[in-house]
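Trainee: Could we go through this model together, one question at a time?
Mentor: Gladly, let us look at it first.

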Amino acid sequence: MTSPDTAAKAVQVADLSVDLGGRLVLRGVGLQIRQGEVVAVLGTNGSGKSTLIRTVVGLLPAARGEVRLFGTPVPRFRQWHRVGYVPQRLTAAGGVPATVHEVVSSGLLSERRLFAPLRASQKQAIDEALEIVDMAHRRKDAVAELSGGQQQRVLIARALVSDPELLILDEPTAGVDLASQQIFADAIRARVARGTTVVMVSHDLGPMDALIDRSIVLRRGRIVYDGPPHASQTHAHVHHSHGGEEPGWLS
Ligand SMILES: Nc1ncnc2c1ncn2[C@@H]1O[C@H](COP(=O)(O)OP(=O)(O)OP(=O)(O)O)[C@@H](O)[C@H]1O
């Protein structure tokens, strides 16, 4: 059963540990994200940010603990149309001869019967998402022929096309130029105003910074800060300078 209190939470993570290749990459992580919150996940390279995101969207299993989306444990969650996910890189399409239009329309897969033709409203949603990221003129091109930043823009369009209630973004604008970052931040701002929940990993929030209302900082698989965004910047910086996992030449 889902209590009303549980249902008001978009994401609930309780005592989560994740094991990758025999190593505990996340250790006892707990957090709750209310619907409508915009949360940044920060931390040095290898601190476990992508692992947390990938576990939240059900791509990695929990060794211990639990993740719930909208009150339902992820292994039983079926309402994936409510969730948009932008992975760190376009790995899914690597080597697959998909066009820009096909990749963006795959964002609607959970709403469509496989091979059913797109409805007019869905075609319009794809066109709008392609316009937002300024890739409409490349719709027929293979994504493999695009630059890294252009591929990232296609992934952003794929996440936006179904207008999900929860957007989970893993470094969505890495390698994307500043003008496109601004366009993306504006698109996110409009959705946040309508109540969309956003969870975003980023090393450089750029124009998105003003939208963040809470930061979580990970260090070596544990949450070391959870609170207002600006204090976290200092905190993330302190950990970056003194005792991150990166080799000395990076600190
Ligand atoms: N498939 C895997 N097998 C074993 N270890 C892994 C695997 N994937 C990631 N790891 C390890 O898990 C740790 C956390 O990785 P993760 O990608 O979550 O970090 P991150 O905080 O997202 O880093 P970055 O900022 O570099 O993207 C790292 O030490 C990494 O080496």
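**Sheets, helices and a ligand shell**

Mentor: Strand β9 (residues 214–219) pairs with β10 in the antiparallel sense over five bridges. Strands (E, at least two residues) and helices (H or I, at least four) are DSSP runs numbered from the N terminus, and two strands pair if DSSP finds at least two bridges between them. This is a predicted model, in which local features need pLDDT of at least 70, side-chain atom pairs count only at pLDDT 80 or more, and totals for chains, interfaces and linings use all residues. Residues are numbered from 1 along each chain as its sequence is written.

Trainee: Which strands stand at the edges of the six-stranded sheet?
Mentor: That open sheet has the order β6-β7-β8-β3-β9-β10, with mixed pairing. Two of its strands have a single partner strand each, so one side of each is left without a neighbour in the sheet; these edge strands are β6 and β10 (222–227).

Trainee: What angle does the direction of α5 make with that of β6?
Mentor: The twist of this sheet averages 15° from one strand to the next. Helix α5 packs on the sheet and touches β6 and β7. Axes are lines fitted to C-alpha atoms, for helices over the stretch in contact, and angles run from 0 to 180 degrees between N-to-C directions. For α5 and β6 the angle is about 175°.

Trainee: How many residues of α5 are buried?
Mentor: A residue is buried if 20 or more other C-beta atoms, placed from the backbone, lie within 10 Å of its own, exposed if 12 or fewer, and partly exposed in between. The buried residues of α5 include Gln150, Val154 and Leu160, and they pack against β6 (83–86), α3, α4, β7 (166–170) and α6. Helix α5 is mostly covered, and the count of buried residues is 11 of its 13.

Trainee: Is glycine 84 buried or exposed?
Mentor: Glycine 84 lies in strand β6. Beyond its neighbours within four places in sequence, its contacts (C-beta atoms within 7 Å) include Gly107, Leu160 and Ile168. Because 24 other C-beta atoms lie within 10 Å, glycine 84 is buried.

Trainee: How far apart in space are glycine 84 and alanine 159?
Mentor: Alanine 159 is one of the buried residues of α5, and it is in contact with glycine 84. The two are 75 residues apart in sequence, yet C-alpha to C-alpha they are 4.7 Å apart.

Trainee: What arc around the axis do the buried residues of α4 cover?
Mentor: In α4, the buried residues are Ala125, Ile126, Ala129, Leu130 and Ile132. They lie on the same side of α4 because their arc, taken from the directions from the helix axis to the C-beta atoms, is only 160°.

Trainee: Which exposed residues does the opposite face of α4 carry?
Mentor: The buried residues of α4 pack against α3 (100–105), α5 (148–160) and α6 (178–193). The face turned away from that buried side carries Ala120 and Gln124.

Trainee: What is the phi of aspartate 134?
Mentor: Aspartate 134 follows α4, in the loop between α4 and α5. With 14 C-beta neighbours inside 10 Å, aspartate 134 counts as partly exposed. Its phi is positive in a residue other than glycine, near 60°.

Trainee: And where does arginine 220 lie?
Mentor: Arginine 220 has a positive phi of about 45° although it is not a glycine. It counts as partly exposed, with 18 C-beta neighbours inside 10 Å. Its place is the loop between β9 and β10.

Trainee: In the four-stranded sheet, over how many bridges do β1 and β2 pair?
Mentor: This open sheet has the order β2-β1-β4-β5 with antiparallel pairing. Strand β1 (residues 9–20) pairs with β2 over eight bridges.

Trainee: Which element supplies the largest share of the shell around the ligand?
Mentor: The residues around the ligand (C-beta atom, placed from the backbone, within 6 Å) include Arg23, Val25, Lys49, Ser50 and Thr51. Both β2 and α2 supply at least two residues of the shell. The largest share, three residues, comes from α2.

Definitions and conventions: Two residues are in contact if their C-beta atoms, placed from the backbone, lie within 7 Å.
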